[in-house]
Structures are given as structure tokens and as C-alpha cells.
Amino acid sequence: MSEIKNSVCPHDCPSACALEVEVLDDHTIGTVRGAKDNDYTLGVICSKVANYAQRTHHPDRLTTPLKRTGPKGSGEFTQISWDEALDTVAKAFKQATDEFGSQSVWPFHYGGTMGKVQRYGLVRLANCLHYSGMEETICTHIAYAGWEAGAGSVRGTDARDVKHSDLIIIWGCNAVATQINFMKHVSRAQRENDAKLVVIDPSRTGTAKKADLHLAPKPGTDGALATAMMQVLFAENLADHIYLEQYTDQPKELEAQLKDKTPEWAEAITGVAAEDIRKLARLYGQTPKSFIRLGIGFSRSRNGAHNVHAVSCLPAVTGAWQHLGGGALLGSSGMFHLDKNHLEGLDQRRDDSRWLDMCRVGAILTGNETDLQGGPPVKAMLIQNTNPMAVTPDLRRVHEGFARDDLFLCVHEQFMTETAKMADIVLPATTFVEHDDLYTSYGHTYLQTSKALIKPPGEARCNHDVICALAKRLGANHPAFEQTAEQVMEQTMADSNYPNLAQLQTDKWHDSKGSYEHMNYLEGFDWPDKKFRFKPDWHAAGDTEKHMPAWPGHWDEIFAANEEHPFRLTTPPARRFLNSTFTELPHSLKYEKQPCVHIHPQDAAAQNISEGQLVILGNTQDQVQLHATLSERVNVGALEARGVWPGSAFNDGLSINSLISAESVRPAGGAAFHDCAVWLKPA
Ligand SMILES: Nc1nc2c(c(=O)[nH]1)N[C@H]1C(S)=C(S)[C@@H](COP(=O)(O)OP(=O)(O)OC[C@H]3O[C@@H](n4cnc5c(=O)[nH]c(N)nc54)[C@H](O)[C@@H]3O)O[C@H]1N2
Ligand SMILES: Nc1nc2c(c(=O)[nH]1)N[C@H]1C(S)=C(S)[C@@H](COP(=O)(O)OP(=O)(O)OC[C@H]3O[C@@H](n4cnc5c(=O)[nH]c(N)nc54)[C@H](O)[C@@H]3O)O[C@H]1N2
Ligand code: SF4
Ligand SMILES: [Mo]
């Protein structure tokens with residue numbers, strides 16, 4: 001007899017959906033559905049996770065520890081015992097520490113699972129043994145820097161309040177693909193309030209197709225668009241001067257700055273008609289209950305933080321924050337008050353630790369002195385929850401780095417990813433239905449927990465168990481290494497003043513929502529003077545050399561198209577993959593088919609490129625081959641290549657990220673995945 005059990009989607013997606021999983025027996029799951037009684041999930045989930053049984057029970061799941069027998073990357077491995085595998089890792093880490101110092105060991109991780117216990121045990125190990133730390137810059141880093149520069153912390157309007165909105169602007173976010181259940185909230189507002197939907201995206205995405213108005217700025221020009229909207233708001237008396245006086249830092253100076261930032265000025269930069277900019281600004285200024293859902297997509301340019309800040313200024317100009325259904329949301333992370341001490345072993349962190357930027361992994365592994373900060377080379381790594389051989393920028397260099405024979409690499413994985421293939425030791429990992437964990441979200445405010453529902457396949461072990469076993473061998477002392485995952489959760493919840501774990505398990509979720517006044521910053525913004533900053537302190541945010549412009553506007557710091565590189569390329573997620581995950585799933589492959597690039601028919605005709613033909617994209621960094629898809633999804637001069645396909649889907653083992661620059665984005669790091677200029681020609 002099958003049973004329906006509660007769970008939580010662990011993937012790196014703002015929705016962190018509350019799930020109902022059909023459990024067929026001790027080893028098998030069936031259908032996965034969204035929980036109908038969770039008022040954020042609303043019973044809606046993506047098709048990837050609805051088909052999770054295919055991933056959990058995939059014949060390619062790793063089930064035993066493996067030792068490499070052939071050259072790095074050859075995929076030649078032999079089975080070994082857990083003891084031999086863990087002893088080998090411990091020995092290599094000790095040897096690197098003895099010869100090069102503890103900073104030569106670099107535990108590397110990301111959001112493969114977003115569960116707190118399974119994700120951060122490795123950070124605790126690094127803190128306890130004084131290994132190099134990892135700066136988590138790859139995803140929200142640029143966007144959060146931009147938002148925080150104005151608002152002071154990362155939170156915003158409750159996404160469920162969208163049901164009260166009259167105007168919803170989805171800005172640089174393809175919600176239909178990347179957070180489908182948000183669209184359920186949007187359609188409710190459309191149905192019940194006749195709300196208008198505006199989408200701002202260079203591509204005519206699935207989300208854009210649902211919009212009443214779609215504006216397609218050139219990538220990396222949103223700062224100009226938002227600034228011109230503000231110009232209209234002030235010029236046409238649509239700014240709320242009472243709100244501005246009470247809640248913002250320098251409204252008069254801002255207004256003066258905007259004088260010449262007209263829609264005509266912005267048209268020349270963004271490619272959006274001045275008339276459309278004016279129309280949107282008026283609609284926005286005349287609709288008190290206007291809500292902006294900022295995506296992370298439009299932050300993925302070298303000027304991304306500046307652009308995100310400019311957009312975040314809009315509700316501060318109109319005072320939309322004051323109205324139920326008005327305001328904005330980039331992320332809800334700031335609503336959770338989890339004490340990270342126990343999870344991450346912060347009490348054992350040393351001030352003199354070296355912090356290595358994950359987006360610079362290629363430069364770091366190939367010995368770039370600046371990135372190594374005068375410290376030792378990286379000689380040994382443990383990787384959990386991420387696949388850097390596919391997802392990081394400047395991929396050719398990343399591949400070179402991981403190919404180093406003097407680098408010891410252990411990868412703990414569910415599948416034989418490209419990164420796992422480079423490992424000396426591969427360890428088999430559990431999936432979320434096979435281990436316990438605790439989840440926050442960056443799209444809603446529910447704290448959730450899930451339990452193992454079935455037994456792991458073969459000898460797979462969860463991250464927590466692996467880290468505890470290594471800690472023992474390496475002599476790392478921390479009470480969390482002696483506890484079960486549940487005990488770590490229990491202590492974390494107690495330390496954080498959350499209800500206890502048993503209560504959370506009974507209730508299924510706990511809402512960390514604050515009052516409406518708090519969520520909408522009506523008690524003030526998170527600065528000592530409580531005022532939103534139109535003029536951010538970028539210097540304090542990390543722009544130490546003061547490159548960033550002081551005021552919202554257009555910061556011309558992008559890889560603009562030029563004669564040699566006439567096309568602007570964006571590389572957003574594929575709907576049926578999640579970053580590089582699900583690229584092994586039959587359901588996903590059926591729809592995504594093969595790596596392709598969307599080209600406007602006019603651009604294709606100019607080069608005699610026909611549908612399906614192999615084309616080459618190139619820049620000074622690299623070249624890749626993809627199949628042409630001719631479509632008006634993109635404007636003339638724009639290209640879009642969706643999805644982090646594995647290298648094996650390309651003819652030379654390198655994927656789209658070989659074209660992406662790993663230059664550190666201001667103010668504080670990150671990768672500009674949608675900021676790329678290329679040439680295009682038939683293969
Ligand atoms: N199906 C699926 N869902 C996912 C993921 C996935 O891989 N697949 N990944 C997950 C992760 S890790 C994240 S961080 C989120 C990201 O999800 P989103 O926040 O939606 O970000 P992206 O998908 O990177 O980009 C969103 C849109 O921004 C547009 N864009 C690119 N450059 C610009 C620009 O300069 N200006 C404007 N206005 N728009 C621009 C792109 O065309 C794209 O349609 O999605 C999560 N959800
Ligand atoms: N071109 C391009 N590149 C991008 C992006 C883009 O938009 N365009 N987006 C970027 C963004 S936003 C992000 S967040 C990064 C994400 O990059 P990654 O964090 O590398 O995400 P995934 O590719 O999903 O890889 C996660 C891996 O963790 C493994 N995993 C999952 N759960 C567990 C577990 O419990 N234990 C262990 N040991 N392993 C587990 C999965 O099998 C998978 O191989 O990619 C970035 N790369
Ligand atoms: S990937 Fe995102 S939309 Fe899909 S189930 Fe997970 S949290 Fe929900
Ligand atoms: Mo991400």
C-alpha cells in the first residue's frame with residue numbers, strides 16, 4: 001500500500017516547494033506533487049520534480065565509493081569500501097596540511113541541496129580545521145549587493161500579497177521556468193483584481209508571453225530603464241513627496257540628478273522606445289498597488305548590482321511600499337533568523353582564514369597569485385552539492401585546474417557528473433527523499449523540515465554522515481560531528497528561538513513572516529537612520545576602488561557588442577534542468593533535446609544559417625558549437641543559449657560557460673553569466 005508523505009524540494013530554487021511524495025515501499029517513491037495546503041506552493045510544482053522518481057531511481061545513481069584507476073577525467077574507477085575511501089581522503093588532507101599548511105585544503109560546495117544540515121557541514125569542517133573558506137558568489141551575490149545597497153537587508157513584500165496587487169512587474173526573471181508557483185499567485189491577481197502584468201526581459205520568454213506589456217531592453221541596461229522611469233515619475237508629479245521625505249535619504253538630490261535622464265536618453269541605451277518607457281512609468285506611478293518581482297537574471301552583468309539598486313529605487317519614489325499588494329521582492333532570505341553557529345561551527349572560525357571566491361575557481365586552481373592572496377596553492381578538495389566543471393565561468397581554465405595531477409579531489413555526488421569524473425575518490429550521496437533536513441527559502445517565508453522517506457540505494461550516505469566520519473579521522477572537534485542530522489536541527493532551532501523540531505514536523509511548516517509593516521519597511525529601512533538610500537555607499541559594500549557611479553543611471557560597464565563581437569549572448573536556465581541537475585533525466589531530455597542558441601531570423605538570414613544547423617559562437621576567451629534555433633524570442637543582435645548542458649553534449653567537452661568571463665563583478669564578486677559579446681558563424 002502506498003502512502004503520501006510530506007517533504008520539501010531541496011533544489012536551488014526560490015520556491016522551496018512543500019511537497020507530497022507518494023512512497024510505494026521502503027525503497028521506492030512514486031509521484032511527487034505540490035502541497036495544496038501550503039499557501040505559497042498552492043499545489044503547483046515544476047515538472048522536473050514531479051518526475052523525481054526518475055532521478056531517484058535512475059540506473060546511473062552512484063551506489064558505492066570509487067577510486068580512480070585511469071587518468072583524470074577518463075571515467076575509469078574501481079569500487080572500494082567506505083573505510084578505504086574515507087581513510088584515503090583523510091590521508092590526503094593531512095598530507096596537504098603537513099606540506100603546504102591547512103589553507104591548501106579547500107572544501108567546495110554550493111546549493112545542490114539547500115538543506116541547512118546537509119549543505120553546511122562541510123563549512124563547519126573547514127572552520128574547525130582552518131581550511132580555506134569559500135565565498136559563495138555564484139548566484140544571488142550580485143543581486144543581493146544591489147538590493148542591500150538601498151534597502152539595507154534582503155527582504156520585501158510577502159509574495160502571497162501579490163493577490164492584492166493591481167500591477168505586477170516581473171523584472172529580469174523568467175518565473176514560468178524558474179519559479180512556476182509564483183505564476184499561480186500572479187494569475188490569481190489577474191483573475192480577482194484584473195491586475196496587469198508587465199515583464200521586462202531581453203527575451204520573449206514564456207513569462208513575457210503571458211504579459212500585457214513586454215519590454216525587451218538590451219541586456220545590462222536596466223539601470224537606464226529604471227532611471228528614466230524615475231525621471232518621468234518626478235517630472236509628471238507621480239512621486240510621493242511625503243513618503244520620500246520620511247523614508248528616503250536624498251530625494252531632492254536624486255530628482256536633480258534625473259533631470260536629463262529622459263526616456264529618450266534611455267531609448268538610446270536600452271533599445272526600448274521612449275514612448276513605452278513613458279507608458280510604463282505612468283502606469284507604475286498611477287497604480288498604488290504595484291508590485292515588482294525582481295529576478296536574479298538581470299543582475300548577471302558586470303553592472304548588475306548597480307542595475308538592481310536602480311530598480312529597487314522605484315517603489316521608494318512612488319511610495320508603493322505603503323499599500324497592501326504594493327512594494328517589491330528580490331529575496332526573502334532576511335526573514336529567517338536561523339542561528340548558524342552550530343551548523344557552520346562559527347565559534348571555531350579563525351579571523352586569519354583565507355577566503356577563496358568560488359567563481360574564480362579556474363584562476364585559483366591554475367595558480368593565479370592574486371586569487372591565492374599570497375597563500376599556498378590549493379592541493380586538496382572535497383566537493384559536495386555542486387558541479388563546478390559545468391556551472392562556473394571561464395570553463396576552459398576550470399577544466400585545466402581540475403586536470404592537475406597534483407590536486408587531490410574527492411567528490412561526493414549522486415551522479416557521475418563532469419566534476420566527479422575528475423575525482424580521485426568519488427563517494428555516493430543520498431537524495432532528499434533519503435535523508436533528513438531543515439529548509440529556509442529565498443522566495444517565501446516558510447521554515448520547513450523533511451525526513452528520509454526511503455532507504456538510500458546501495459551504500460549511498462548523506463553529506464552529514466560523510467562529514468562526521470571525516471571529522472573523526474581528521475581530529476576535528478565539534479559537538480555537531482557527534483550528533484545525528486535531527487539533533488543538529490533540534491539544537492539549531494532551539495538556538496534560533498524557533499519552535500522545536502517535533503512541533504515543526506507536526507505542523508509541516510512554520511511561517512517566519514513578519515508584520516506587513518515590517519515586510520514593507522514601513523518601520524523604516526535597515527539602516528541606522530531608517531532611510532532608503534538612493535545614493536548607496538558602494539565603497540562600504542566592497543567597491544574599494546570606487547568604480548561604481550554614485551547615483552542610479554546607466555553604468556556603461558558591460559561587454560557591449562562591437563564590430564568583432566556583434567551579438568549579445570545571455571545564458572539563462574533551461575526550464576527542465578536546474579542548473580546542471582536533471583540533465584540526466586529522460587523527462588527533461590525529451591523536452592530540452594540538445595544545446596541550442598536562439599537567433600533572430602534576420603540575423604540568421606544575413607549569414608545563411610538555417611534551422612537546426614550547427615553554428616559557432618566565439619569571443620576572445622573561447623568558442624563553442626550549438627544548434628541554431630531561429631526565433632523571434634530574441635531581438636536582432638541578441639542570442640540566447642539556455643541551460644547548463646554537460647560538456648558531453650558539445651563536441652569538445654566544454655560547454656557554454658567557456659564563453660563567460662570570470663572577471664569578478666563589483667562591488668563584491670560574482671559571475672556575469674548574461675553579460676557576453678560574441679561573434680557567430682556557421683560551423
Ligand atoms: N527550471 C529552472 N528553474 C530554476 C533554475 C534552473 O536552472 N532551471 N535555476 C535556479 C536558480 S539557481 C536560480 S538563481 C534562479 C534564477 O532565476 P531567475 O531569477 O529567473 O534568473 P535567470 O533565469 O538567470 O534569468 C531570468 C531572465 O532574466 C533575463 N535577463 C538576462 N539578462 C537580463 C538583463 O540584463 N535585463 C533583464 N531585464 N533581464 C535579463 C533572461 O533573459 C531570463 O529570461 O532560478 C532557479 N530556478
Ligand atoms: N551559463 C550559466 N551558468 C550558470 C547559471 C546560469 O544562469 N547560466 N546559473 C548559475 C547559478 S544561479 C547557480 S546557483 C549555479 C549552480 O550551480 P551548482 O550549485 O553546481 O548546481 P547544480 O548544477 O544543480 O549542481 C548541484 C550538484 O549537487 C548534487 N547534489 C544535489 N543534492 C546533493 C546532496 O544532498 N549531496 C551531495 N553530495 N550532492 C548533491 C547534484 O547531483 C548536482 O550535481 O550555476 C551557475 N551557472
Ligand atoms: S525546483 Fe523549484 S519549482 Fe520545482 S519543485 Fe523544486 S522548488 Fe518547486
Ligand atoms: Mo542560482
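Cysteine 596 stands opposite histidine 627 in strand E23. Cysteine 596 opens strand E21 (residues 596–599), which pairs with strand E23 (residues 623–630) in the parallel sense over four bridges. Strands here are DSSP runs of E with at least two residues, helices are runs of H or I with at least four residues, and both are numbered from the N terminus. Two strands pair if DSSP finds at least two bridges between them.

The model is predicted: local features need pLDDT of at least 70, side-chain atom pairs count only at pLDDT 80 or more, totals for chains, interfaces and linings use all residues, and side-chain values use heavy atoms, with hydrogens and water left out. Residues are numbered from 1 along each chain as its sequence is written, while chains are lettered from A and ligands numbered from 1 in the order in which they are written.

E21 and E23 belong to a closed barrel of six strands, which runs E20-E24-E21-E23-E22-E25 with mixed pairing. From one strand to the next, the twist averages 45 degrees; axes are lines fitted to C-alpha atoms, for helices over the stretch in contact, and angles run from 0 to 180 degrees between N-to-C directions.

Is phenylalanine 650 buried or exposed? Its relative accessibility is 8%, so phenylalanine 650 counts as buried. Buried means under 20% relative accessible area, exposed over 50%, and partly exposed in between, with a 1.4 Å probe and protein chains only. Apart from neighbours within four places in sequence, phenylalanine 650 is in contact with Pro595, Gln625, Leu626, Trp645, Ser655 and Ile656, where contact means heavy atoms within 4.5 Å. Histidine 337 is 313 residues away from phenylalanine 650 along the chain, and their C-alpha atoms are separated by 43 Å. The loop between E24 and E25 also contains proline 667. The peptide bond from arginine 666 to proline 667 is cis, with omega near 10 degrees.

Strand E2 (residues 18–25) pairs with E3 in the antiparallel sense over five bridges. Valine 21 has valine 32 in E3 as its bridge partner.

The ligands come next. Around ligand 1 there are 31 residues, of which Asp201, Gly220, Asp222, Phe577 and Asn579 come nearest; a residue is near a molecule or strand if one of its heavy atoms lies within 4 Å of it. A polar backbone atom of phenylalanine 577 is 2.5 Å from a nitrogen atom of ligand 1. A polar backbone atom of isoleucine 296 is 2.7 Å from an oxygen atom of ligand 1. Ligand 1 taken alone exposes 900 Å², and the protein buries 98% of that. Accessible areas come from the Shrake-Rupley method with a 1.4 Å probe; for residues, only the protein chains shown count as cover.

Ligand 2 also has 31 residues around it, and Glu413, Thr571, Ser580, Thr581 and Asn657 come nearest. An N or O atom in the side chain of asparagine 385 is 3.2 Å from a nitrogen atom of ligand 2. A nitrogen atom of ligand 2 is also 2.7 Å from a polar backbone atom of threonine 571. On its own ligand 2 has 910 Å² of accessible area, and the protein covers 97% of it.

Histidine 412 lies in strand E15 (residues 408–413). Histidine 412 is buried, because its relative accessible area is 3%. Its side chain makes polar contacts with the side chains of glutamine 384 at 2.9 Å and asparagine 463 at 3.3 Å. A polar contact is a pair of N or O atoms within 3.5 Å; within protein, one must be able to donate a hydrogen and the other to accept it, and residues adjacent in sequence count only if both atoms are side-chain atoms.
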